[in-house]
Amino acid sequence: MSDTYEMTPLAHLYPGMVLADALMDEYGHVLLAAGVTLNEAAIASLARHGVGAAPILRKEPLAAPGEAEIQARIDHLFRHNDREDLGDWATGLLRRYVEDYRLKRGVAP
Amino acid sequence: MSDATHALSIEELIGGVDDLPSLPAVVMELLGSIEQEDIDTAVLAKKVASDPALMAKTLRLANSSAYGLQVKATTIQQAMTFLGYEAMRQLITAAALTGCFPAGRCPSFNDRAFWRHSIATAACARVLARRVRFNPDYAFTAGLLHGIGRLVLVTRFPERYQAVLSLRDKRDCELAEAERALMGLDHVDAGVALAEHWHFSDTMRQAIAFYRLPEAPGAGFLATIVHVAGAVVQALDLAGNPDELVPRVSAVAWTALGLSEEAWLQVFHDTELQVEEMAAILMA
């Protein structure tokens with residue numbers, strides 16, 4: 001499943017929904033362009049052309065978890081790793097790199 | 001026998017391996033022949049093609065973005081030409097293995113998370129292997145198979161495994177510890193027994209046997225790759241396990257890979273990209 005759209009079956013299409021991508025028939029002809037807002041006529045036309053499902057734009061992109069949430073989850077995953085334990089530096093390094101990756105801190109200089 | 005609480009012996013375990021699902025004959029051949037060079041690829045392609053489900057899954061894998069084919073392969077023979085025999089052997093094995101254990105025998109065992117972890121470890125091991133110029137196809141298969149012994153334990157002794165999972169929750173320890181405490185052996189022992197029963201190559205058996213102890217003498221580099229790949233997958237939280245626990249990473253194994261932070265972040269990224277697609281194909 002994508003963050004930005006959802007493949008929605010024909011039965012669940014309603015006027016007002018926005019297409020995330022162009023819809024084509026079996027010959028590759030564009031039926032509806034990306035960004036089109038569906039109305040009753042458009043939905044009926046999709047049904048006639050045998051389209052089973054359409055990529056519908058999500059109203060809001062799935063809320064991305066906040067930094068605190070991400071950090072808390074990483075701390076939970078690494079709950080057996082003690083940051084102060086220098087003997088376990090490899091686990092500690094993996095932990096720091098995953099934090100940099102997840103929190104988009106980039107590579108430390 | 002399965003509700004007993006005594007420690008299991010390897011004999012008991014192996015004695016029951018015959019109750020385990022059998023692999024398609026073509027995969028048995030592939031696993032046994034990993035170091036063998038003189039294989040007739042046309043014969044192999046024909047054998048795979050005689051199992052439509054296996055063929056479809058293999059082709060979808062070959063056409064997945066991880067393998068970056070410009071032209072879609074439509075036959076096994078064609079995919080073999082594009083990707084080479086080695087890669088195809090690994091893909092066929094992956095496609096066959098992921099469907100062959102029954103799910104749901106032990107209610108608390110999360111089959112989906114198990115397979116997601118295995119598939120992600122396979123993807124990460126492959127990415128790592130390319131970085132360190134190790135055979136990526138071996139790495140992929142070893143990553144996929146490293147925990148297979150767990151399925152042996154779950155399938156053979158579902159009630160006892162239920163207790164193992166409860167103990168793990170109670171102690172918040174690694175699963176292998178709980179297995180050892182209640183069954184007297186762990187999934188590594190079971191994996192090695194299965195590897196012998198299924199005639200895996202020595203290379204694969206070594207990787208299964210030593211992935212938790214990569215610094216042991218004679219463990220081999222494949223064990224190092226799988227050890228770190230498994231930990232990376234747990235650290236990236238890719239299996240979808242609420243209680244995921246990153247194990248202690250062997251400093252020897254970490255050092256042996258010798259990657260910079262920049263390289264690691266790229267490995268994380270590449271692994272994440274491939275997992276969803278591969279999981280969708282293999283777990284279909």
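How many Å separate the centres of domain 1 of chain A and domain 2 of chain A? To find out, let's walk through this predicted model one chain at a time.

Start with chain A, which is divided into domain 1, covering residues 5-57, and domain 2, covering residues 67-102. Taken over C-alpha atoms, the centres of these two domains of chain A are separated by 45 Å.

Now turn to chain B. Here domain 1 spans residues 21-100, and domain 2 spans residues 103-284. The centres of domain 1 and domain 2 of chain B, again taken over C-alpha atoms, are separated by 22 Å. Where these two domains touch, domain 1 of chain B brings 20 residues to the contact and domain 2 of chain B brings 19. On the domain 1 side, the elements giving two or more residues are α2 (25-32), α4 (52-62) and α6 (85-97) of chain B. Look for α6(B) in particular, as this helix gives the most to that side, with seven residues. Sorted by class, the domain 1 side has 10 nonpolar, six polar and four charged residues.

Next, see how the chains meet. In this contact, 19 residues of chain B meet 19 residues of chain A. On the chain B side, at least two residues each come from α14 (221-235), α15 (251-257) and α16 (261-282). Which of the elements supplies the largest share of the side of chain B that touches chain A? That is α16(B), with five residues. By class, this side of chain B has 12 nonpolar, two polar and five charged residues.

Methods
Residues are numbered from 1 along each chain as its sequence is written. Chains are lettered from A and ligands numbered from 1 in the order in which they are written. This is a predicted model: local features need pLDDT of at least 70, side-chain atom pairs count only at pLDDT 80 or more; totals for chains, interfaces and linings use all residues. Domain bounds come from an automatic or database domain assignment. Two residues are in contact if their C-beta atoms, placed from the backbone, lie within 7 Å. Helices (H or I, at least four residues) and strands (E, at least two) are DSSP runs, numbered from the N terminus. Ala, Val, Leu, Ile, Met, Phe, Trp, Tyr, Cys and Pro count as nonpolar, Asp, Glu, Lys and Arg as charged, and the others, Gly among them, as polar.
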